[in-house]
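Keep the 3D view open as you read.

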Amino acid sequence: MSEQAAFQPRIAAFLCNWCSYGAADLAGVSRLQYPPNIHVIRIPCTGRMSPKFILQAFRKGVDGVWVSG
Amino acid sequence: MEGDFTVKVVSHPRYVDMAKCIACGACSEKCPKKVPSEYNERLDKRKAIYVRYAQAVPLKYGIDKDNCIFFAKGKCKACEKHCPTGAVNYEDQEVRRDIKVGSIIASAGFKPFDPSIYLQYSYSKFANVVTALEFERILAASGPWMGHMVRPSDEKEPKKIAWLQCVGSREVNACDHPYCSAVCCMYAIKEAALAKEHAHDGLDAAIFYMDMRTFGKDFEKYYEKAKGKGVRFVRSRIHTITEVADKSLQIEYVTENGVAMTEEFDMVVLSHGLEIAKETVELAQRLGIDLMPSNFVKSGSFTPVASSRPGVYVCGALAGPKDIPLSVVEASAAACAAAGKLSGARGTLVSEPEIPKALDVKGDAPRVGVFVCSCGINIAGVVDVKAVVEYAKTLPNVAYVENNLFTCSQDTQDKMAQVIKDQGLNRIVVAACTPRTHEPLFQETLQSAGLNKYLFDMANIRNQDSWVHTGEPEQATEKAKDLVRMAVAKASLLQPLNEVQLSVMPAAMVIGGGISGMNAALELARQGFTTHLVERDAELGGNARLLRITAKGEEVAPYLKELTERVKSESNIVLHLSTAIKNVDGFVGNFKTTLAGPGGEEVVEHGAAVIAIGAAERRPTEYLYGEDSRVKTHLELDSGLMSGAIDPKKTNSVVFVQCVGSREPERPYCSKVCCTHSVESALHFKEHNPDCQVTVLYRDMRTFGERELLYKEARSKGVLFVRYGVDHKPRVAKAGDGLTVTVRDHILDRDLLIDADLVVLASAIVSHKDESLAQMFKVPLDEDGWFLEAHQKLRPVDFATDGVFMAGLAHYPKPIEEAVAQAQAAVSRAVTVLSRKEMWLPGTVAFIDQKKCVGCGVCWTVCPYQAIAADDKGLAVVNEALCKGCGTCVASCRSGAPNLRGFTTQDVMAQIEAML
């Protein structure tokens with residue numbers, strides 16, 4: 001396996017409680033499969049999403065940040 | 001009888017114990033029997049033990065006995081064997097119960113029309129002819145192709161799709177459905193627009209229609225937007241579909257100027273209408289309620305949710321074809337009507353749980369308890385829960401960890417409460433399913449153990465871990481550990497939060513004394529609440545004073561007289577005539593409104609408000625209006641007919657001009673009621689003077705729902721309907737003693753000249769654009785000046801601001817029955833506030849550290865709930881009664897002064913820290 005193929009990005013997801021977080025739950029109910037290298041933090045609204053959170057996530061070493069709401 | 005019904009109810013066996021089923025789906029996975037899925041319109045398969053769809057409430061499985069192998073052959077029992085909770089019960093029996101109720105609401109809905117009977121459309125024969133509902137499922141992520149838009153014959157993406165409107169609607173020959181189904185134009189546009197978004201390399205979407213009926217709020221804009229996106233609209237009714245070699249479909253049609261065309265499409269979608277199912281007709285017979293010839297339940301315009309039988313109410317498509325917003329309005333209206341006479345019994349069956357006083361844990365070091373759920377095998381089948389337990393024990397602040405087969409079961413809850421006390425735990429983490437469904441349950445357990453319910457967090461290791469990483473148990477286990485670590489990190493920082501208690505003033509204010517406002521006030525009064533009815537005019541009635549009849553033919557004047565008298569004699573109503581609103585202070589449950597009336601200023605306290613300020617008829621500037629007295633608006637026509645000033649017998653020719661000021665760039669909406677009003681007026685002329693020449697000049701006839709029957713009757717009685725294009729508007733000119741109306745006939749492409757004694761303009765309905773009232777109540781207006789609801793589909797009479805509701809034309813132009821239904825709905829919603837003695841506001845609200853605040857005002861500008869204001873020092877303060885805890889203020893502040901309880905910056909940062 002080449003080095004590039006082995007690269008697995010680590011993704012931090014900030015999901016709005018009322019829509020995207022619910023959709024992530026529904027993905028589970030529907031047994032949709034996706035890679036495990038994504039970690040979800042539930043926020044009360046994407047309005048809560050501070051740029052600081054994104055910077056801090058990158059500083060901690062994640063490769064991608066997904067904000068959805 | 002009304003107020004005392006005994007209803008015999010049969011609950012069919014589902015062969016699954018609802019109390020034991022945890023909806024893990026193991027039964028369905030193992031069930032060997034596949035059955036076409038009703039939910040996906042039989043385009044894919046489900047099992048014989050199943051839930052109908054993923055969002056089902058309650059989310060519990062059931063066995064379809066007719067298709068189950070065990071019930072047919074006596075063996076199999078795969079579901080029973082694999083059920084981790086022993087929920088399957090083949091012995092389940094039907095249960096018959098007598099339920100005593102005071103009122104009944106019928107909301108049995110509609111059945112989509114089955115187009116198989118149209119031989120010329122070959123729906124059952126051609127694979128790529130689908131119904132609109134099938135197409136809806138094809139587009140859905142939970143549909144048969146996971147949201148990939150493909151056609152059924154070869155599962156390839158279509159490049160060209162045609163929608164055919166009015167399949168099973170406005171159709172007498174094939175199916176005896178003379179009515180318009182009211183929703184199909186909008187859903188076809190929606191499907192076409194969505195299909196274009198789904199297409200990978202472009203899609204040619206064409207909608208074949210007779211009249212485009214986009215009459216609802218913002219519908220016309222949606223239609224225009226779809227045109228802008230390239231959806232083609234072709235005015236032609238298709239008579240035949242033929243299949244060609246690759247199972248594509250050929251249709252023939254005639255363009256507006258009479259040219260015959262042949263076009264091939266990859267798929268054809270039939271926009272099928274709404275009808276009432278045979279079983280529903282039988283149910284209506286058992287309920288003893290009258291139906292219309294079309295089988296929709298009969299109701300009156302002034303009592304839109306009352307059936308013919310006292311005490312039995314009706315809502316939704318069962319009472320006539322309608323869309324979601326109006327169905328939701330009617331549902332609340334039916335609840336209001338049903339509760340009206342029962343208001344004395346409100347709350348008599350409620351028992352309050354006893355909650356022990358919460359321990360004070362402030363300043364105590366965190367002692368986190370972690371409960372890791374196996375959820376049968378739902379989590380444990382993928383995640384190594386024992387490893388997660390061992391790992392959790394190593395985390396800082398964790399004092400206790402245990403694993404449960406089902407953490408949510410009642411016995412575990414009792415045990416958890418005991419463990420919290422025995423171990424002295426002061427923060428709890430449950431690693432299980434989702435907080436969206438289970439957080440309230442666990443929070444109750446915390447409360448029963450004497451802990452503040454906000455000292456709780458969940459790690460979602462089922463829905464967002466074991467269920468979605470089934471094939472990767474090791475990584476799923478690692479992720480479960482990560483999620484538990486994140487939850488523990490956040491939980492360690494959580495602080496007990498207070499829920500503020502507010503008293504509720506059990507009085508209401510209704511603003512506007514038209515039909516909507518009077519109905520709202522009467523219903524509120526009937527439910528036992530003092531109601532202040534505020535009207536700026538010296539008399540009640542609003543626009544209805546000038547209206548002649550409803551679409552159903554009821555006379556408005558006698559009703560209005562009776563309604564006004566009832567309002568005046570109702571002891572719970574305080575009438576404020578010739579009165580304006582000066583100021584509004586306070587919030588839900590506790591408004592203080594200053595009224596300015598003839599007797600000076602007065603402050604009124606109320607817990608809720610209904611805004612029903614109506615709208616106005618626009619004064620036209622075109623078609624000689626104002627220059628020639630024979631050019632009149634609709635309200636002027638009605639007044640003239642009622643007073644006798646206009647006599648149909650003496651009128652030889654009348655021309656109605658539609659869309660005067662509506663559907664124009666400066667007013668890009670349809671006024672909804674004018675087509676029907678013109679048709680019913682046209683019929684009035686024909687009825688009193690059959691020789692009168694009546695002509696209606698229109699762009700699209702929008703006689704939606706059962707109003708279509710009036711349109712049909714008008715045509716059969718000789719009313720002429722001439723369509724005009726927006727590029728060729730009619731012209732009205734004086735000619736000798738009379739008027740001449742010139743209109744371009746689109747087929748002949750030549751002008752028609754019509755002599756008229758009377759020209760009636762369907763002038764637009766315009767909003768009052770009352771920005772000051774909107775600001776006082778902290779509620780928004782849309783760009784056309786209509787009050788903007790909290791959610792167009794699901795909360796059609798609510799505002800985002802609690803305690804304020806709307807009804808009638810203030811929301812959007814609408815006929816009387818919809819205005820009355822909306823008034824009743826607003827009351828229903830208002831009573832959810834007024835019937836409470838006190839309210840508890842959630843603790844997860846924003847707060848301001850004033851030491852950091854510089855008073856720049858960004859937070860109160862961005863707050864969508866207007867919950868932040870400046871105090872006397874110019875610094876921000878949060879009104880907790882208005883705050884919804886969205887946290888926008890926190891994200892917007894440059895100096896970090898606001899923070900959000902339960903989701904503080906520190907909480908979220910701790911989760912980020914703990915993530916990797």
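This is a predicted model: local features need pLDDT of at least 70, side-chain atom pairs count only at pLDDT 80 or more; totals for chains, interfaces and linings use all residues.

## Two helices crossing

Helix H5 of chain B covers residues 184–198 and helix H6 of chain B covers residues 219–228; they pack at an angle of about 35°, with axes 10 Å apart.

Which residues of H5(B) and H6(B) meet? From H5(B) come Met186(B), Ile189(B), Ala192(B) and Ala193(B), and they meet Phe219(B), Tyr222(B), Tyr223(B) and Ala226(B) in H6(B). By class, this contact has eight nonpolar residues, no polar ones and no charged ones.

## The domains of chain B

Chain B is split into domains 1 to 6, and domain 4 comes in two pieces, 507–614 and 768–839. Domain 2 takes in 111–275, while domain 3 runs over 368–495. The centres of those two, domain 2 of chain B and domain 3 of chain B, lie 49 Å apart.

## An enclosed helix

Now look at helix H20 of chain B, residues 816–834: at 1.5 Å a residue its 19 residues should span 27 Å, and its end C-alpha atoms are 26 Å apart, which agrees. Is H20(B) mostly buried or exposed? Of its 19 residues, 18 are buried, so H20(B) is largely enclosed by the rest of the structure.

## Where the chains touch

The contact between the chains uses 32 residues from chain A and 35 residues from chain B. On chain A's side, H2(A) gives the most, with eight residues. That side has 18 nonpolar, nine polar and five charged residues.

Key. Residues are numbered from 1 along each chain as its sequence is written. Chains are lettered from A and ligands numbered from 1 in the order in which they are written. Domain bounds come from an automatic or database domain assignment. Axes are lines fitted to C-alpha atoms, for helices over the stretch in contact, and angles run from 0 to 180 degrees between N-to-C directions. Helices (H or I, at least four residues) and strands (E, at least two) are DSSP runs, numbered from the N terminus. Two residues are in contact if their C-beta atoms, placed from the backbone, lie within 7 Å. Ala, Val, Leu, Ile, Met, Phe, Trp, Tyr, Cys and Pro count as nonpolar, Asp, Glu, Lys and Arg as charged, and the others, Gly among them, as polar. The expected span of a helix is 1.5 Å times one less than its number of residues. A residue is buried if 20 or more other C-beta atoms lie within 10 Å of its own, exposed if 12 or fewer, and partly exposed in between; C-beta atoms are placed from the backbone.
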